[in-house]
Amino acid sequence: MTLPQEIKNILEKLQEAGYEGYVVGGCVRDLLINKVPKDWDITTNAKPEEIQKLFPENVYENEFGTIGVKTGSEDPSLAIVEITPYRIEGKYTDKRHPDKIKFADKLEDDLSRRDFTVNSLAMNPEGNIVDLFEGQKDIKSKTIRTVGKPEERFSEDALRLLRAVRFATILNFDLEEKTKKTILENSEWLRVISKERIRDEFVKIIESDNAYEGILLLEETGLLQHIIPELREGIGVDQNLHHIYTVWEHLIRALKYAVEKRYSLEVRLASLFHDIGKPRTKRGESHETSTFYGHEVIGAKIVAQILERLRFPREKADKIIKLVRYHMFYYNPDEVTESSVRRLLANIGLEYIEDLIKVREADSIGSGRPKAVPYKLRHLKYIVDKVSND
């Protein structure tokens, strides 16, 4: 529960000037679960102009009264510390932004407007915690619960629907039943939120150690249909003798493997999406003889639409699309020549070949096979190294 010296200095300076000062929100939660906070937030009864006088080295470019104080720290998480006055927010007519923001005098007013109990904790310089909504109790029971009525909190900012799943995923917590039920009943509210904000939350879920559980929770809460409905097309779609799982189960198991191996965001997403074209290309109902010819081509087009819709950066999107498009490369050591490996490298690019093999590994494990890197893939790696040094 030790505060960094940079944070102590700010809190002490506020107190010396006659103001209150608390660290607040996620950083307090992280301290309580023995996790190093990625950023620090401070709240105070001082107004923006008063904060600026106390801390001349600052950044102030927002309508919420938040001042970014430059500390000079070499630690990126402490280089700029945000200080926000206590505030009360008015109605959220558009379910995205408060119509009006009013600065408050009491810490209680500020904490009552926050999203979840685990994020509504405040701590003073002496380490005493202000907990008005049983946030510490929810941390102990590993529960994500809204501050007050769930419908009110989610109607204020519909992105909180997705944030609830993100916090549950990253922290490995459970959604409290009323909170989960309210998300399911109002999942369509997510439609009013900008695609960039949705993308950022989704990426945090995929980058977490519990991404597999996160995708399942997105489906369980009805949110996945408003983010990536194409992924849901694989639910209940049987494959053929080469697969023991449905398309949906296969894809999320492939993601699980990529996460366990701590692969990059691009490889995780390519693993999750690699067979997304199968439901639209399936021919035949027999489990033995069903085919999915060209699913990698159709899949790449679907993935391109998904990533464009979610406003993914062009470079990341291009890589994920390529990994999906070429994940079906054929390789048999007895038949394939060095020239065919060179053609594969020309299509995918030498810089992507290692990640393409990682997607193939995830595909293999996601199919229920015991080995992620069978002899064929090991031999391919050998030939790639050989021809890339020609």
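Begin by selecting Leu107, which counts as buried because its relative accessibility is 5%; buried means under 20% relative accessible area, exposed over 50% and partly exposed in between, with a 1.4 Å probe and protein chains only. The model is predicted, so local features need pLDDT of at least 70 and side-chain atom pairs count only at pLDDT 80 or more, whereas totals for chains, interfaces and linings use all residues. Residues are numbered from 1 along each chain as its sequence is written, and side-chain values use heavy atoms, with hydrogens and water left out.

**Stop 1: around Leu107.** Leu107 is found in helix α5. Helices (H or I, at least four residues) and strands (E, at least two) are DSSP runs, numbered from the N terminus. Display the contacts of Leu107, where contact means heavy atoms within 4.5 Å. With neighbours within four places in sequence left aside, Leu107 is in contact with Tyr22, Thr43, Tyr86, Ala122 and Val130. For a distance check, select Val69 as well: Leu107 and Val69 are 38 residues apart in sequence and 20 Å apart in space, C-alpha to C-alpha.

**Stop 2: the sheet.** Colour the strands next. An open sheet of seven strands has the order β3-β4-β5-β2-β1-β8-β9, with mixed pairing; two strands pair if DSSP finds at least two bridges between them. At the edges stand β3 (58–59) and β9 (129–130), each with a single partner strand, so one side of each is left without a neighbour in the sheet. Zoom in on β3, which two bridges join to strand β4 (residues 67–70) in an antiparallel arrangement. Here Asn58 stands opposite Val69 in β4.

Move to strand β1 (residues 21–24), both faces of which are covered: Gly21 and Val23 on one side, and Tyr22 and Val24 on the other, are all buried. Three bridges join β1 to strand β2 (residues 41–44), and the two run antiparallel. Val23 stands opposite Ile42 in β2. Two bridges join β1 to β8, also antiparallel, and Val24 stands opposite Ala122 in β8.

Stop 3: Show the aromatic rings. Rings of Phe, Tyr and Trp (its six-membered ring) pair if their centres lie within 6.5 Å; planes under 30 degrees apart count as stacked, over 60 as edge-to-face and the rest as tilted. By this rule there are three aromatic pairs. Phe116 and Phe167 form an edge-to-face pair, at 5.9 Å centre to centre and 75° between the planes. This pair links distant parts of the chain, 51 residues apart: Phe116 lies in the loop between α5 (107–111) and β8 (122–123), and Phe167 in helix α8 (residues 159–171). Phe116 is buried, with a relative accessible area of 1%, as is Phe167, with 6%.

**Stop 4: helix α13.** Select residues 247–260, the 14 residues of helix α13, which reaches 20 Å from its first C-alpha to its last, close to the 20 Å expected at 1.5 Å a residue; the expected span is 1.5 Å times one less than the number of residues. Is α13 mostly covered or uncovered? It is mostly covered, with ten of its 14 residues buried; among them are Trp248, His250, Leu255 and Tyr257. The buried residues of α13 pack against α10 (195–207), α11 (211–220), α12 (229–232), α14 (265–273), α15 (278–281) and α19 (350–366). Just after α13, Arg262 takes a positive phi of about 60°.

**Stop 5: the nonpolar cores.** A nonpolar core is a set of buried Ala, Val, Leu, Ile, Met, Phe, Trp, Tyr and Cys residues joined through side-chain atoms within 4.5 Å. In the largest, of 103 residues, those with the most contacts inside it are Val23, Ile144, Leu218, Ile227, Leu272 and Phe273. Helix α13 gives the most to this core, with nine residues.

**Stop 6: charges over rings.** Finally, select Lys278, which lies over the face of Phe292 at 4.9 Å from the ring centre. Arg325 lies over the face of Tyr326, at 4.7 Å from the ring centre. The criterion is NZ of Lys or CZ of Arg within 6 Å of the ring centre and within 35 degrees of the ring normal.
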